[in-house]
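Let's take a walk through this structure together. Have the sequence and the 3D view open while you read.

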Amino acid sequence: NIDPASLLPKLPRPEELRPFPTIASIEYAGHEGRVRSVAIDPSGQWLASGGDDGTVRVWGLADGKQQWKVKLSSEDPVDVVRWRPGQETSIISAAVAEDIFFMIPSFGNPELEQTSRDILDAGFGYATNGKQLTTANGAARKDPPAKWTRPGARLEDEGVLLKATVRSPIKSINWHRRGDFFCTVSPSGQRSSVAIHTLSKHLTQIPFRKLPGLAQTASFHPSRPLFFVATQRSIRCYDLQKQELVKTLQPGARWISSFDVHPGGDNLVVGSYDRRLLWHDLEMSNRPYKTMRFHPQAIRAVKFHRTHPLFADCSDDGTLQIFHSKVVSDLMEGPTIVPVKMLKGHKVVNRLGVTDIDWHPQHPWCRVASIAKKTKNTD
Amino acid sequence: MDTEMGQPALAEVQQIRVNFTTTSPDLQLPEGRTQLLVPADIKRYGLSRVLNSESMLNTSSPIPFDFLINGSFLRTSLEDYLKANGLSAESTVTLQYVRSLIPPVFQASFEHDDWVSGVDVLSDTARAGVWSGDKFVTGQDRILSASYDGLLRIWNKSGNVIATSASSSLGGHSASVKSAKFLSASQVASAGLDRTVRIWKYAEADDHLSGTLKPTLELYGHKAGIESLDVHGPTGRVLSAASDGTIGLWTTSKSSAPAAPAALLPGANASASKKRKIASSAPQRGPLSLTQPHTSAASAVLFDPADATIAYSASQDHTIRTIDLTTSKVENVITTSHPLLSLCALRRSGGGGGVLLAAGTSARHITLADPRVGAAATSVMTLRGHKNMVTSLCASPDNEHSLVSASHDGTCRIWDLRGARAGTRAEGGGAVSESVYVIERESQKGAQKSKSKSDVPGRGAKVFGVAWDRSWGIVSGGEDRMVQVNRGRDLLAAD
Ligand SMILES: [Mg+2]
């Protein structure tokens, strides 16, 4: 007789997996209305946020003090904020409807600001605006997929120095690690819903004309020239150099909201509006390695920590779930995933709870966006 | 010999045999008086009266005492303590008596326009007052506050602003000030997010109701915001800790300071037409040394209280480093388990002298560490009780065994290292001490009930800086835009 419990994999107890965030410790109060997106800068000192009030704000991560603010729109919300990777610049990209704004928050560091300005200005030398360019498959195009312009005197005075306008409202921005390419996804954009932009050339390209379903979000592989695009039900992985489809992941979710590639590059976690959390081992099947359900409401965002073995999701139920995830290079052994902490306490308004999450680059601290505030969680 | 105290015991009142001990040489009981039968329901106050009585210490004026049993302060009746700890009332209880802690009393709050990031004090007992010698005019006690609005303010005892630093256009800081200290009664150093250390001349009018803070030196070198600084008046040296992990050493002397790095000066990158020198700009200089001992933000740095050629720095990289300032070399590294946000040094006369370092963590506790190279155990004790990050620390001016801490939880807490218990397994074992007094923010009183429940401890009332002085008491500043003064005189009387 074998005790069935003995066949289950032995998971470590959560307390053996410290450090991980256990309490909420800072609130960044100031936004009017919902906060839609948060991002921690590459140095780990600043938190950028954007929300329904049309502003982007920058806060001292450790003290919660708002140090910079700009109003990008009086009509549309700021849907996404993302920092350009790399500590040599301090550039925030933010999506408002069809526009991506690029801004340099001022913290009294002229050197850093000048380097950042140079990076944003470099592309004006090209001044192509896509007109005489061709698409990835070589066909000539009439209409440029994006217009790169100055955003106007008022915004320029406040540090918003560049704007790229695509054809449909943007819901996702993700940067390539080197800080020159970034991708945007406009789910309603049909044939041009996914765009890859080159900052140094102010260039926008549409890599795919056809996708099976509405694109939701896209992301670059952390180390290889691979590109992932999520539609509602699948995640397609493309080789950017060979310009070919490598594989199609089938998470089994009805509507994918977000995904993140593990920093090691071989695993991927997916969150869905139909409350599922799915782990894919890219070396294994196209089906999930593990399917998890922890939330009674939609999962809005998932994110891996870059240096600690942690990831987290956030949900419309107002909670975050923190997981410890041990990934081994051994092909025979799958990853060990242990839920270590559920963090509660975010107000749920109009069935929207926690909308975005980001991790500190070094410490096991995460920040989340929710109704009219953001909260930091720490160990 | 046993001594019966007070009224003859009623039959139903149980008595407990206690044995009094102390580590204070001046408070020793006469031979044979240390054991006593006391009523089981006696509490701290009763025990204190017993000790002060004619047949015991026979004190000329009563000394309030506290009592430690196995490292914990007695806070209930003796009977209840024994019950709670599963101890028999039949056995003899050893009570260690120490001079009592008197609760700090709120005195005043000084209102600012923006969050207060740091505080320092000037008095004849404060460091800068002592350094000033005869130049400090007795009675002119001052508070220096640093604010997120980029300004320094000097306050008198009545809560009036005697002087405010120049604004950015007149040669002041161009961003939030994070730290400021008196070098003497007439000199101030400050630093903040604009990456500069600034030296100011402070002068008061004859009536001492107004004064001026004039910029005298701008120090450039850091490439990231400065979080903390310390000063040493007699040598005119300043230490700074920046969020890129660098530590700067500076001199207040214009003539001996190296030239400022040109690339870091304002306007260095602007086009010629945009270059506009600020008319009132003070001379610009560079660092004596600038090193990067830390791999993550440096949050605090201080001079060894007895040797200004030694510095200690704490960082979010989990380490405390001992730096030899004559060689700029790191002499010792203490690695802890958490990001460190604050640091202070407690002098030690016993155990070979030196200092004990207290470091505040993002994990809500304070770690006490021995910085001596080769110390048997670097972590000496853990202070637990704060509900959020510990952002500032200051040693007691009165003794070697207490300190005050400030936290994002909206409180300052006073700790007495004489009382310690064994840590639980969840706490990681070791010696653990809990705070003896909690100072709340006066600004939050009354507001607390109407406030909606928050999952963030101390929301809206983060405390960023605290100083403890014999004359002023405990001075703290924070997110409530207040400098708060609590009377702390004789709070923990000297042993
Ligand atoms: Mg594997």
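This is a predicted model: local features need pLDDT of at least 70, side-chain atom pairs count only at pLDDT 80 or more; totals for chains, interfaces and linings use all residues.

## Before we start

## A labelled stretch of chain B

Let's begin with residues 16-82 of chain B. The UniProt record, an unreviewed entry, marks them as "domain: NLE". In the model, 21% of this span is helix and 27% is strand.

## A five-stranded sheet

Further along chain B, look for an open sheet with mixed pairing, where five strands run in the order β11-β12-β13-β14-β18. Which strands stand at the edges? They are β11 (177-184) and β18 (284-285) of chain B; each has a single partner strand, so one side of each has no neighbour in the sheet.

Now zoom in on β13 (residues 197-204) and β14 (residues 211-219) of chain B. These two pair in the antiparallel sense, with eight bridges between them. To see one of the bridges, find A203(B), whose partner in β14(B) is T212(B).

## Where the chains meet

How much area do chain A and chain B bury between them? It comes to about 2400 Å², and 45% of that is on carbon and sulfur atoms. On chain A's side, D63(A), K65(A) and E111(A) lose the most area to chain B, together making up 22% of what that side buries. As for who takes part, the contact involves 30 residues from chain A and 33 residues from chain B.

There are also eight residue pairs in polar contact between the two chains, counting pairs with both residues at pLDDT 80 or more. On the side of chain A that touches chain B, β1 (23-40), α1 (110-121) and β27 (366-378) each give two or more residues. β1(A) gives the most, with five. Sorted by type, the residues on that side are eight nonpolar, 13 polar and nine charged.

## Charged partners

Side chains of opposite charge can pair when their charged atoms come close. Chain A and chain B have three salt bridges between them. One of these joins E27(A) to R459(B), with the closest N and O atoms 2.8 Å apart.

Over all chains, the whole structure has 38 salt bridges. Among them is the one between D266(A) and R224(A), whose closest N and O atoms are 3.2 Å apart. D266(A) sits in the loop between β18 (256-261) and β19 (267-272) of chain A, while R224(A) is in the loop between β14 (215-220) and β15 (226-231) of chain A, so this pair ties together parts 42 residues apart in sequence.

How values were computed: Residues are numbered from 1 along each chain as its sequence is written. Chains are lettered from A and ligands numbered from 1 in the order in which they are written. Side-chain values use heavy atoms; hydrogens and water are left out. Two strands pair if DSSP finds at least two bridges between them. Helices (H or I, at least four residues) and strands (E, at least two) are DSSP runs, numbered from the N terminus. UniProt positions are given in the numbering used here, feature names are shortened, and annotations may be inferred rather than shown by experiment. Contact means heavy atoms within 4.5 Å. Buried area is the accessible area (1.4 Å probe) that two parts lose on being put together, summed over both. A salt bridge is a side-chain nitrogen of Lys or Arg within 4 Å of a carboxyl oxygen of Asp or Glu. A polar contact is a pair of N or O atoms within 3.5 Å; within protein, one must be able to donate a hydrogen and the other to accept it, and residues adjacent in sequence count only if both atoms are side-chain atoms. Ala, Val, Leu, Ile, Met, Phe, Trp, Tyr, Cys and Pro count as nonpolar, Asp, Glu, Lys and Arg as charged, and the others, Gly among them, as polar.
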